[in-house]
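Try each task before you read its solution.

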Amino acid sequence: MVNFNGEILKDETLYLNIENRGLRYGDALFETIRFVTDEVILWEEHYLRLMSSMRILRMQIPMEFTMEYLESQIKSVAASNGLDQARIRLTIYRNNGGLYTPKSNSVSFVIEAIPLSSPFFMLSEKPYEAELFKDFKVNADMLSTLKTNNRILNVVGSVFAKENDYDTCLLLNGEKQVVEGLNGNLFLVKGNSIKTPPLKDGCVNGIIRAQVIKMVEKLESFVLEEASISPFELQKADELFITNSIMGIQPITKYRKKNFSIETSKELIGKLNAVIRLQKHV
């Protein structure tokens with residue numbers, strides 16, 4: 001069951017048709033969120049990013065779109081599906097009408113919930129191999145930092161990865177800088193330095209990216225740097241890892257002929273879980 005504009009529905013045909021602007025033009029935004037034991041994890045961060053993104057895309061923000069209202073809608077769909085812990089997808093799309101120019105900037109929302117395997121971020125120690133995807137590039141502009149439904153680059157890159165037995169690929173921008181992974185933000189560890197591409201390079205403004213940056217900046221054992229990453233740096237790194245809101249931290253264990261350690265990923269995922277538990281009780 002899904003939540004469509006505050007109503008729990010069983011049949012998706014009731015809210016999706018061929019005029020849907022998210023389907024036709026990718027005129028939509030989404031947030032992927034963890035829901036655990038009646039808590040919407042990092043909800044304030046997700047909400048603020050969503051509101052900012054709607055303003056950038058000139059979508060009309062309904063008066064009822066308060067943090068409390070949308071949080072209650074997320075909880076209702078989790079409960080309707082009998083889920084105590086869930087992966088939530090909240091999609092906002094501009095309402096039907098018009099061609100490229102919409103007839104209205106009003107919006108609708110759909111919230112989906114599927115089971116989540118663990119209430120905590122769990123670090124996978126399985127082999128996880130990455131390669132560069134060079135067929136198409138990320139545009140280094142503000143639109144690339146938003147979580148829009150325009151993810152065709154990620155789709156084609158994922159098909160390439162599957163065809164070539166990679167677990168993920170790393171994306172480049174027009175300046176041939178490494179921007180992010182197909183499924184999250186990229187971090188590079190070299191000695192006591194942890195580096196991640198800046199938003200100006202075109203990476204998604206990730207929720208867990210921001211959490212890891214704040215967390216590392218408080219650690220005396222590491223120096224955090226937001227700076228461009230060239231492909232030549234990848235094989236010189238001690239570690240590479242990807243972050244997103246569902247898996248938390250995913251270490252890359254191999255890139256080309258280089259095998260990587262995962263010790264920093266282990267340390268950081270424990271601290272990340274601790275930070276989120278602390279926020280839940282504030």
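Helices (H or I, at least four residues) and strands (E, at least two) are DSSP runs, numbered from the N terminus. The model is predicted: local features need pLDDT of at least 70, side-chain atom pairs count only at pLDDT 80 or more, and totals for chains, interfaces and linings use all residues. Residues are numbered from 1 along each chain as its sequence is written, and side-chain values use heavy atoms, with hydrogens and water left out.

**Exercise 1.** Classify the pair of tryptophan 43 and tyrosine 47.

Step 1. Place the residues. They are 4 residues apart in helix 2 (residues 43-56), so about one helical turn separates them.

Step 2. Apply the rule. Rings of Phe, Tyr and Trp (its six-membered ring) pair if their centres lie within 6.5 Å; planes under 30 degrees apart count as stacked, over 60 as edge-to-face and the rest as tilted.

Step 3. Tryptophan 43 and tyrosine 47 lie 5.8 Å apart, centre to centre, with 55 degrees between the planes: tilted.

Step 4. Check burial (buried means under 20% relative accessible area, exposed over 50%, partly exposed in between; 1.4 Å probe, protein chains only). Both tryptophan 43 and tyrosine 47 are buried.

**Exercise 2.** How many aromatic pairs does the rule give? Examine one of them.

Step 1. The count is 8 aromatic pairs.

Step 2. Tyrosine 25 and tyrosine 100 make an edge-to-face pair, at 5.4 Å between centres and 65 degrees between planes.

Step 3. Tyrosine 25 counts as partly exposed because its relative accessibility is 27%. Tyrosine 100, at 72%, is therefore exposed.

**Exercise 3.** Which residues form one aromatic cluster?

Solution. The cluster consists of Phe133, Phe136, Phe160 and Tyr166.
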